[in-house]
Amino acid sequence: MKRIYALLCTIVLALSAFADDVTMTVSAPSTVEVGDKFRIQFRVNSQNVTGFSAPDFKGFEVIYGPSTSSQSSFQMVNGHTSQSSSITYTYVILGASAGTFTINSASVQAEGKTVKSKPFTIKVLPAGQGGGQQQSSSQSQRGGASSAYGGGSSSRQSTSSGSIGAKDLFMTATASRTNIYEQEAILLTYKIYTLVNLTQLDGKLPTLDGFQIQEIPLPRNKEFELEQYNGRNYRTVVWSQYVLFPQKSGDLVIPSITYEGVVVTQNRNIDPIDAFFNGTSGLMEIKKTITTPKLTIHVKPLPQKPAGFSSAVGKFDISSSINGTDVMTNDALTLKVSVKGTGNMKLIGTPEIEWPKDFETYDPKVSDNFSLTRNGLTGSKDYEFLAVPRHAGTYTIPAAKFVYFDPSSSQYKTITTQPYTINVKKGKGGEGTSVSNYSGNQQDVKELGQDIRYIKQGSTRLVQKDSQFFGTWKYALGYIIPIVIFILAAIVGRKQLEANANVARSRGRKANKKAIKRLKTASKLLADKKQNDFYDEVLRALWGYIADKLNMPQESLNKDNIATELSGRSVPQEVIDGFIRTLNDCEFARYAPGADANAQMESVYQSAIDIIGKIEEVK
């Protein structure tokens, strides 16, 4: 029995080995320095190989190789077996001269066919101070601070004990563009250059006035690479990257950031022999402050906005679909509109659909299907509109227009969906009412599907045909009551017209009600712990409230003119500062949440309620 079982396992392993495609992969550094020794490994995922042919290592000196090693593994889990095997050919190579060299494919005969590796390039930097052999560093991040561990010791340390120069360890700050338009995304990159053994680095990006910020997730375990900078070879790694969306025009400053680093270096004041026998370390830690340079971003205002501008800045496309063009009355009709592209996806407005008057419509369902990239938010924003036709006939849903600003061409562009012709037939429930002799708007008809009235039941009072009504008190009331109603309606209507005539005052009175309604929605999102949706709703409440209160278009608002307008309305300075601070706290928490996200959301929500209440108290 055991022999049969072993034979079956051998057959399964053989079949699994032939079932997989045989490939050859290469492991090699991308950058080295003249005089550095490094490994190049060719790995084949099979051991049934013969006739390995190495590439021509032109520009390099082969120190050793090839050495051959093999690996095999066998697993059986719940009766399912799996096997993996490989063979690796290793070379030790020396970078003989500076330049960029291409190493062609290696080949091997595996299971009856020729398998080749992919060509690859290695950049050899001139020998210079610092750098040394390429090394990897394992790094991790804690909360708002960042910490790097490892890095190894360099073969050419340029610093003496206790002395680290400004050119031995520094960080650069670069922006992908410095001349941009409002809402145009830019990439902000912070990069470390080091000649020393950096083991820890703590610091974080401060609040940037005038920007919306989103951090790009980077691997926690970072790999250092060699790079030549100003004639010296440094070990470098991208430490952090952010996508910034400027919210106003002008010269916006990205301030310097101060990082606190820890460097481990050799303590040359201690005899290594004494240190070994006395149990003391020959290494010492040096704290190093690193300051990044300041950047200035020149933000141009958007040109005169055309009608229907969606607040979208970037590159976009639009498409639509409908669930059917032949429907019955009172059946639901679903129109889906998708805006795809790259840009400030979170801030784009809802496309306007011109529905026929006889359609009952509802607010659209909005779905965000975008992700953060180095060029901005990329993906789609999908809108699902629901409408119910109430009357039979043939209707046209015109093409929906979407206007956006393209920074690459400095122009506004208009894209449209396709129009739809809808054929509505009378359903089983009937129509709203017969409209052949109806001259009003069919949408105002409220009795749907009631072609037959109910028969009146109960007792009926009969009156003789020749009975006198003229001259009775009921006849007099028939004149008096309409006159009184007309006078009251005229008085109330006139006051209402006077109140509505002052649009700014009317809008200001409704500002608080709209803000409270939005904050109620934010409260539900807070309870559901939907962090991104919660901060978006609070920001809409604050910006919408202040736009209505000041009777200003929301797109022309910024924190400076908000402060000016509120001050002109005798709002105390501490209340103005509180409102601006609440906006900043909300924007910062939105893109850089703290450790206790729930407490942070509670604080932002309470601040928004308090500051709106204080502004409302000012008469």
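1. Glutamate 227 is partly exposed, with a relative accessible area of 25%; buried means under 20% relative accessible area, exposed over 50%, and partly exposed in between (1.4 Å probe, protein chains only). The model is predicted: local features need pLDDT of at least 70, side-chain atom pairs count only at pLDDT 80 or more, and totals for chains, interfaces and linings use all residues. Residues are numbered from 1 along each chain as its sequence is written, and side-chain values use heavy atoms, with hydrogens and water left out.

2. Glutamate 227 and lysine 191 meet through their side chains in a salt bridge (2.6 Å, N to O), defined as a side-chain nitrogen of Lys or Arg within 4 Å of a carboxyl oxygen of Asp or Glu. Lysine 191 lies in strand β15 (residues 186-194) and glutamate 227 in strand β18 (residues 225-229), so the pair ties together parts that are 36 residues apart in sequence. Strands (E, at least two residues) are DSSP runs, numbered from the N terminus.

3. A salt bridge also joins the side chains of lysine 248 and aspartate 209 (3.5 Å, N to O). Lysine 248 is in the loop between β19 (232-246) and β20 (250-254), and aspartate 209 in the loop between β16 (197-202) and β17 (211-215), 39 residues apart. Lysine 248 is buried at 16% relative accessible area, whereas aspartate 209 is partly exposed at 45%.

4. The salt bridge between glutamate 184 and arginine 177 spans 3.4 Å, N to O. Glutamate 184 is buried (12%) and arginine 177 partly exposed (33%).

5. The whole structure holds eight salt bridges. Lys315, Asp406 and Lys413 are linked in a network of such bridges.

Notes. Helix = DSSP H or I, 4+ residues; strand = E, 2+ residues; numbered from the N terminus.
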